[in-house]
Structure formats: structure tokens, C-alpha cells
Amino acid sequence: AVRKPQGLSEDLERAVRGGALQLARADLGQPAALAAAVRGARVVLHLATGGGATWEELERAMVQGTRALAEACLEARVERFVYVSSIAALYLGPDCGAGVIDDADRTDPKPELRALYARGKIAAERELVRLAKERGLPLTIVRPGVVLGADAPFQHSGLGLWVRDNHCVGWGRGERPLPLVLVEDVADALARVAAHSGRELEGKALNLAARVPLSAQELVAHFARVSGRDVHF
């Protein structure tokens with residue numbers, strides 16, 4: 001799934017022009033278009049998302065849209081449905097056990113207290129798990145952590161609230177290690193999940209993060225050093 005076809009890499013653009021890759025345009029609110037998009041697919045990587053200023057708008061796009069795509073995959077007998085969620089779906093507060101998150105951790109039990117994006121991801125995951133149990137959806141959930149890349153802006157909301165582009169107000173004191181991961185590693189992991197031949201990943205949720213002991217404070221200080229800008233945490 002590609003959110004912005006105009007942002008494809010040069011390699012993918014060449015593949016499209018050469019006929020090795022086909023793009024099918026669809027909308028999460030259009031079941032017929034979704035059915036046509038997944039017809040003949042063996043694996044579907046669901047990266048599409050949706051926004052909204054209210055829970056009703058976001059629920060319609062993120063949750064109902066995800067359910068519609070999953071149902072289209074069930075009808076098309078897709079062999080693997082990979083939902084790209086977010087580590088934001090987990091509860092990461094100060095009393096979360098020993099402070100170590102692993103793949104066995106479940107989504108936040110109180111989604112109504114979370115921001116809309118996290119709440120939407122939690123609800124979408126739960127809906128997909130229901131479809132897996134009731135209708136046999138061949139589901140694997142993947143939750144990237146705080147994704148960083150060379151071409152992306154460093155003002156990531158996983159570090160805190162950026163009230164200006166050089167002023168980050170932390171979600172806490174910013175002293176705990178963050179679940180950081182490079183975008184290239186996320187892409188590699190998704191490709192490996194898609195290409196995996198066994199069924200060991202079915203019904204699993206995988207958190208994607210590296211063991212890099214960097215806190216929000218340290219990362220913002222690093223951005224200040226390498227950019228030469230007056231960046232504050």
C-alpha cells in the first residue's frame with residue numbers, strides 16, 4: 001500500500017513504467033474499489049490510514065476502512081493480511097511493568113483516554129483480531145516504534161509536543177530510552193513478513209524497535225549539534 005504515489009522512489013517509478021509494478025487506486029470508504037485492488041493478491045500490507053478532527057471522523061476512516069479492506073481480503077482469499085499499526089497502540093506509562101515492552105504486550109486497555117491517533121490504532125487492531133477469531137483472517141500486526149530517517153524532519157511527535165520547530169515539550173522528563181527504529185529497517189521487516197513462507201507469524205503482533213539507549217533529551221540535543229540550530233527540549 002502506498003499513501004502518496006507521487007512520492008515513490010526512482011526504483012519504484014521505473015518498475016511502474018516498465019510494467020513490473022502496477023498501482024491500483026482505491027479509497028478506504030469505497031468497498032468495490034478495495035475489492036478490485038486486492039483481487040489476485042497473495043499478501044496485503046495495510047499502511048493506509050485516515051484522519052479527522054473528531055473521533056467519529058477518525059473511526060469511520062481508520063477503523064471502518066480497515067475492516068472494509070480486511071473483509072475484501074477475506075473475500076479474495078488473501079493468504080496474509082499485515083496491518084501496520086503503531087507502538088502508540090500500547091500503554092507505555094511509568095507503571096507498565098519493568099519498563100520493558102515485548103511482543104506479548106496488549107493494546108492500551110483504556111483507549112478512550114488516549115489521543116485520537118492512538119485510539120484509532122487500538123480500535124482497528126481490536127476489530128482485526130475479532131475478524132481473525134470469527135472469520136479466520138490470516139492476520140499479522142506490525143507496530144513500528146519512533147521511526148526516524150535521513151530525509152524526514154526530526155520533529156517527531158514520539159519525542160514530545162513540538163510547539164515550535166525548535167522547541168520540544170516532552171511527554172515526560174525525556175530521560176527514558178525511546179523505542180527508536182530506522183525507516184529502512186521498518187521497510188526491511190515488512191518485506192520479510194510479506195515474503196515469509198510459513199504460518200508462524202499468523203496471529204502475532206510484532207513491535208519494531210532497535211535497542212538504542214537514547215532518550216528524548218539526548219536525541220533533541222543531538223539534533224541541535226548536527227543541525228547547528230538552537231533546538232531545545
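A: Here is a walk from the sheet, through a loop, to a helix.

This is a predicted model, where local features need pLDDT of at least 70, side-chain atom pairs count only at pLDDT 80 or more, and totals for chains, interfaces and linings use all residues. Residues are numbered from 1 along each chain as its sequence is written, and side-chain values use heavy atoms, without hydrogens and water.

Start with the sheet. It is open and has four strands, in the order β1-β2-β3-β8, with parallel pairing. Strands are DSSP runs of E, at least two residues, and helices are runs of H or I, at least four, numbered from the N terminus. Two strands pair if DSSP finds at least two bridges between them. The edge strands, β1 (43–46) and β8, each pair on one side only. From one strand to the next, the twist averages 20°. Four bridges join β3 (residues 139–144) to β8 in the parallel sense. In one of the pairs, isoleucine 141 has alanine 205 in β8 as its bridge partner.

Next comes the loop. Alanine 210 lies between β8 (205–208) and α6. Its relative accessibility is 34%, so alanine 210 counts as partly exposed (buried is under 20% relative accessible area, exposed over 50%, partly exposed in between, with a 1.4 Å probe and protein chains only). Leaving aside neighbours within four places in sequence, alanine 210 contacts Leu180 and Val181 (heavy atoms within 4.5 Å).

Then the helix. Glutamine 217 sits in α6 (residues 216–227). Glutamine 217 is partly exposed because its relative accessibility is 36%. Not counting residues up to four places away in sequence, glutamine 217 touches Arg173, Gly174, Glu175 and Phe233. Phenylalanine 233 is 16 residues from glutamine 217 in sequence, and their C-alpha atoms are 6.0 Å apart.

How values were computed. Axes fitted to C-alpha atoms, helices over the stretch in contact; angles between N-to-C directions.
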